[in-house]
Amino acid sequence: MSTEKQLYTISVYTENNIGLLNRISAIFQRRHINIESLNTSPSEIEGVSRFTIVINMTEENIKKIIGQVEKQVEVIKAYYHNDNEIIYQESCIFKMRSDLLFDEREIQNIIKESNARIVTVNKEFFVIEKSGKKEEIELLYRELSNFGIMQFTRSGRISVTKEEMKISTMLETYNN
Amino acid sequence: METQTIKKTQKTTNVTERISGSEAIVRCLIAEDVKIIYGYPGGAIMPVYDELYKYQDKIHHVLSRHEQGATHSAQGFARISGKVGVAIATSGPGATNLITGIADAQIDSTPMVCITGQVASHLLGSDAFQETDIVGISTPVTKWNCQVTKASDIPAVIAKAFYIARSGRPGPVLVDITKDAQFEEFDFSYEKCTKVRSYNPVPKTDVKSVEAAAKIINAAKKPMIVWGQGVILSEAEEAFKAVVEKAGIPAAWTILGASAIPTSHPLNVGMVGMHGNYAPNILTNECDVLIAIGMRFDDRVTGDLNKYAKQAKVIHFEIDPSEIDKNVKTAIAVLGDAKASLDLLLPLLDENTHSEWHQRFKDLYAIEYEKVIKDDIHPTKGGLTMGEVVNEINIQSKGEAAIVTDVGQHQMIACRYAQFNKTKSNITSGGLGTMGFGLPAAIGAKMAAPEREVVSISGDGGYQMTIQELGTVFQQKAAVKIVVLNNEFLGMVRQWQQLFFDKRYASTEMVNPNFVAIAEGYYIKAKKVTKREELAAAVAEMMASKEAYFLEVCVEKENNVFPMIPSGASVSDVRLE
Ligand SMILES: Cc1ncc(C[n+]2csc(CCOP(=O)(O)OP(=O)(O)O)c2C)c(N)n1
């Protein structure tokens, strides 16, 4: 088992109930674990939510954390994975002054090369959206910041695993 | 959402009746076979109290004198009966006063359901009068909690609450119900909850792991068992005794495991941990196989984890998967209910006596007896000791009493020296170490098991944290025997100050009131003992009393509890003086 700290992505399947976010985040808070990113959304199964939590820690500790997470009554199952075992994305949006788009040729190149997308343009500002890996988003941020960014925001990581996570079969056995 | 998951897993009965949410709450409690609840009224829970008035022939409500007292009474009730204890309070301050008891129940795995009133749902989040976010506040200390804003959700949520509180590793559950939901009428029907989709309370014992465990146990030369409350919670006492006897393995207990097998059992080698017995602490670091059953390797038990049983193969019988390898790395983990696992284990075990190894425990006990125990329970000079009081209670109760302790030196002494002949006889706050637990917990224990002698033993400090529950004792005619061991100090803290802070007794000296007068003020028979010669007669009089009785014993002011493992030290660094 790896004793080095590394980035792990935790996927938690839960009942879609009020208060669970509180319970789950408290597990990390109590142990002074900084959450790098957290996303919660519906999952592929109706009525089941999925949390995607990114943390930096050792495998030994993450196992203990997973145990604590799964102990919550309304958690169906929790998994952890390293970056090689998942396909993951983040997304971000930038708001920039509109005159830049017309005056600075380079901006248009940056947008094109980074596979970003212009979402909207009006007289005062335009908005760019990009999905990708953390590094790609950071690069785009650095490049655009040379021109001045009015607003920037970025989502938590979302991911799917390369291997199957047999949640549906598991839920079937629960129901019987 | 809440109700959806429940409805999926159970059929609802067709018999319905239109009643209010508050009546539904009471009817749910009756359906869960609740006969006694502890609580305190207030604005946001008044509709429920009004129904309790109506149903008083079915449910006895005990008016505690503080909501903390209500939770501890519910805990005492649960610990001696194995049933779910119930506490009820109003919103805001009533609800926050429950928190200490809830936290205590959580860490000691005590099944408890707390019901709190809440402001009307349209006021939620507005800082309304007596509004607190009790669901948010109680989240880290509950096994599960939930807020209800619609009357029609009440039956399913309460059913789920009882199921979760009592199943698997038990724990406290809080249900917060808004006042409008209490008034609202709906078609009531009740179905007990038997399943929650995402929750697997009792992992099925894996036969292979039991076989692997048996193999290691049979090959062991120096095996030792440490058992905890899990044995009691799964009612595995008989199965456990059979295992211990067949394999001839010396068995030691954690503070919450006490009484699962009698103190006098030849293979019972005493308590482990900070103030545990000498032999099991020392030999933890000599055994070749350490079999942990229904215990969780709390740091008060293990001391320094880096020096804990490193030489031993550890086998862990445990119901809660998150406890496996949490503190101590195991060779074999047997997940599941202790009784189920031990039943599987028994036929696989070889008969054995391990007499030479067992002799090591006896030899070390002899050393502990000479250095510590003799003077603790049979002192010949100096003031009264806590140990001799406990010993006198043993003699007069013939080891049949349930002993409820508070927290401090007296707790360690009581747990070390009390004779337990029956299971569920040691009721104490283990994991949280909550001063003020003792008196109210004793009330709950006595009400759950009126046929049993219940003796509460407290220090002068902790007693005063919930001394108001004397009012409950009096009003309920709860025939508890209350012993206060008065050393005029916050003794346990003073001991640490003496040993580790250069005798600087910062704020541990207590100037105490006239305890006898206070008890008498509550119309409770009371006596104070200051001399050794008076002790036996006073304890005899107390035990003979049919009613509640208060006994203050003035003990030596600066006695210490030994053995002791300084915090953070290894279990084999246990000090006898
Ligand atoms: C609510 C609470 N506050 C503080 C403590 C810390 N504490 C542990 S033992 C102790 C002293 C207990 O004194 P007393 O009740 O007189 O019992 P003794 O140790 O003298 O037997 C204190 C203050 C605690 N355990 N619980």
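The structure described here is a predicted model.

**Chain B as a whole**

The secondary structure of chain B consists of 24 helices and 20 strands. Its radius of gyration is 24 Å, close to the 25 Å given by the globule rule for 577 residues, so chain B is as compact as a globular protein of that length. The C-alpha trace of chain B spans about 70 × 60 × 40 Å along its principal axes. Of the 577 residues in this chain, 62% count as buried. Contacts in chain B between residues at least 6 apart in sequence can also be sorted by separation: 77% of them join residues at least 24 apart.

**Two parallel sheets in chain B**

One open sheet of chain B has 6 strands in the order β3-β2-β4-β5-β7-β6, with parallel pairing. At its edges stand β3 (60-63) and β6 (144-148) of chain B; each has a single partner strand, so one side of each is left without a neighbour in the sheet. On average, neighbouring strands of this sheet are turned by 20° against each other, direction ignored. Within the sheet, strand β2 (residues 36-39) of chain B runs parallel to strand β4 (residues 85-89) of chain B, and 2 bridges join them. B:Y38 has B:A87 in β4(B) as its bridge partner.

Another open sheet of chain B is also built from 6 strands with parallel pairing, here in the order β11-β10-β9-β12-β13-β14. Its edge strands are β11 (268-271) and β14 (332-335) of chain B, each pairing on one side only. Neighbouring strands in this sheet are turned by 20° against each other on average, direction ignored. Strand β9 (residues 223-227) and strand β12 (residues 289-293) of chain B pair in the parallel sense over 5 bridges, and B:V226 stands opposite B:A292 in β12(B). Helix α10 (residues 207-219) of chain B packs on the sheet, where it touches β12, β13 (313-318) and β14 of chain B. The direction of α10(B) makes about 135° with that of β14(B).

**A helix with a buried side**

In helix α24 (residues 532-544) of chain B, the buried residues are B:L535, B:A538, B:V539, B:M542 and B:M543. These residues cover an arc of only 130° around the axis, which puts them on the same side of α24(B). On the other side of α24(B), the residues B:E533, B:A537 and B:A544 are exposed. The buried residues of α24(B) pack against α17 (386-397), β17 (454-459), β18 (481-486), β19 (525-529) and β20 (549-554) of chain B.

**A covered strand in chain A**

Strand β7 (residues 125-132) of chain A is mostly covered, with 6 of its 8 residues buried. Two strands of chain A pair with β7(A), as the table sets out.

| Strand paired with β7(A) | Sense | Bridges | Residues opposite each other |
|---|---|---|---|
| β5(A), residues 86-97 | antiparallel | 8 bridges | A:R97 and A:F125 |
| β6(A), residues 117-121 | antiparallel | 4 bridges | A:I118 and A:I128 |

β6(A) and β7(A) form a hairpin, with 3 residues between the two strands.

Terms used
Residues numbered from 1 in each chain as written. Chains lettered and ligands numbered in written order. Predicted model: local features only at pLDDT ≥ 70, side-chain atom pairs only at ≥ 80, totals over all residues. Heavy atoms only, no water. Pairing = 2+ DSSP bridges. Axes fitted to C-alpha atoms, helices over the stretch in contact; angles between N-to-C directions. Buried < 20%, exposed > 50% of the residue type's maximum accessible area, 1.4 Å probe, protein only. Arc of directions from axis to C-beta. Contact = heavy atoms within 4.5 Å. Rg over C-alpha atoms; globule rule 2.2 N^0.38 Å.
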